[in-house]
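Good morning, and thank you for coming. I would like to take you through one model, beginning with a helix pair and ending with charged side chains. Please look at the sequence and structure first.

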Amino acid sequence: MTIKLICAFVLAYLFATVFGKYYIPWLKKQKAGQEIKENGPTWHMSKSGTPTMGGVMFILAVLFVILTVGFEGMLKGHFVHIFVFLFASVFGVIGFLDDWEKVKNKRNLGLSAKAKFLLQLAAALCFLFLMRQIGYVSPNLYIPFANKTILMPEWLYFIFAAFVVVGTVNAVNITDGIDGLAAGSSMPVCLFFVAVSFVWGQDYLELGIVASALLGGLLGFLVYNFNPAKVFMGDTGSLFLGGAIVGLAFAYDMPLVLITLGIIYIIETLSDIIQVGYFKLSHGKRVFRMAPFHHHLEMGGWTGKKWKEKEIFALFTGISLLFAIISFIGVYNRFAL
């Protein structure tokens, strides 16, 4: 099991780094450049034209690992890793459509918010019903740290689950705002799932392979996405990444762990909600210099210190790692006798 998890990581990393050497120049030739929001930090305008849709690098890396390292599991009739990948890919396709609209129209507006929401909601419900029929998801809601399980009415569970899926996917998307941030913040999340698979045993190997492959793919992508970024993951990558993370959480049957494990995503999303809500209620006043929170830090925060992108990357990745460790402690004894 250990060898397969390591191989999944190494192969995904190598695939993403090698593929990126050829894929990024191709994106440049296709003029698939990212348009930057005019109301963002002024220094971000220099990033305009940087190739987007770079998330394809780690998406294909994960697929490659599933079809190689995970192939033995499929021969044994285990397909949960395929289901999680397909689920995440549906969101990746939604993101690709959004990116394509942006590239085609040369502006930072893709699909409408309503269209994206409805597509995401449909994908979430289809996945959850499929996983329920196969037996990977149950209305028994596991509570980390307390190590207890609450039986929920099935209809209520599906409403809750759909909310968590759509919320998580969009929260990861919001986090993708500066070089390397979404990838760096998500790597400890993937590491958490790898560690859980290792501790919980062979029954979770296929899920561990997906998590390890995603970890390696993100690291390979980060070679090109770290500040100054040569490529952005785009909505193609961020929505796939959000789908993969929440898909793994449900496949492990512990969605509530995202409260601690996804602390960065929650901070980013709440800052956006608070900013918009307070702006409307106060008729133009703001809590943050700019939302989401990483832009607030960039623009001087409450202290006046303007954080550099690399500093924010280090801060958010460090916080994510700390909470990944805390989350691991919270679920470690789930199957203890």
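Predicted model: local features only at pLDDT ≥ 70, side-chain atom pairs only at ≥ 80, totals over all residues.

The axes of helix α6 (residues 154-175) and helix α9 (residues 234-251) come within 8 Å and cross at roughly 145 degrees. Axes here are lines fitted to C-alpha atoms, for helices over the stretch in contact, and angles run from 0 to 180 degrees between N-to-C directions. Helices are DSSP runs of H or I with at least four residues, numbered from the N terminus. The crossing of α6 and α9 is right-handed, that is, the near helix is turned clockwise from the far one by less than a right angle.

Contact means heavy atoms within 4.5 Å. On the α6 side the contact residues include Tyr 157, Val 165 and Val 169, and on the α9 side they include Asp 235, Leu 239 and Gly 243. The residues of this contact divide into ten nonpolar, five polar and one charged; Ala, Val, Leu, Ile, Met, Phe, Trp, Tyr, Cys and Pro count as nonpolar, Asp, Glu, Lys and Arg as charged, and the others, Gly among them, as polar.

Residues are numbered from 1 along each chain as its sequence is written, and side-chain values use heavy atoms, with hydrogens and water left out.

Next, consider Phe 91, which lies in helix α4 (residues 80-105). Is Phe 91 buried or exposed? Phe 91 is buried, with a relative accessible area of 0%; buried means under 20%, exposed over 50%, and partly exposed in between, with a 1.4 Å probe and protein chains only. Beyond residues up to four places away in sequence, Phe 91 touches Val 165, Val 169, Leu 239 and Gly 243, among others.

Finally, the salt bridges: a side-chain nitrogen of Lys or Arg within 4 Å of a carboxyl oxygen of Asp or Glu. The count comes to six. Asp 98 and Lys 116 meet at 3.4 Å, N to O, linking helix α4 to helix α5 (residues 113-134). Lys 116 also meets Asp 235 of α9, at 3.9 Å, and these two residues are 119 residues apart. Both Lys 116 and Asp 235 are buried.
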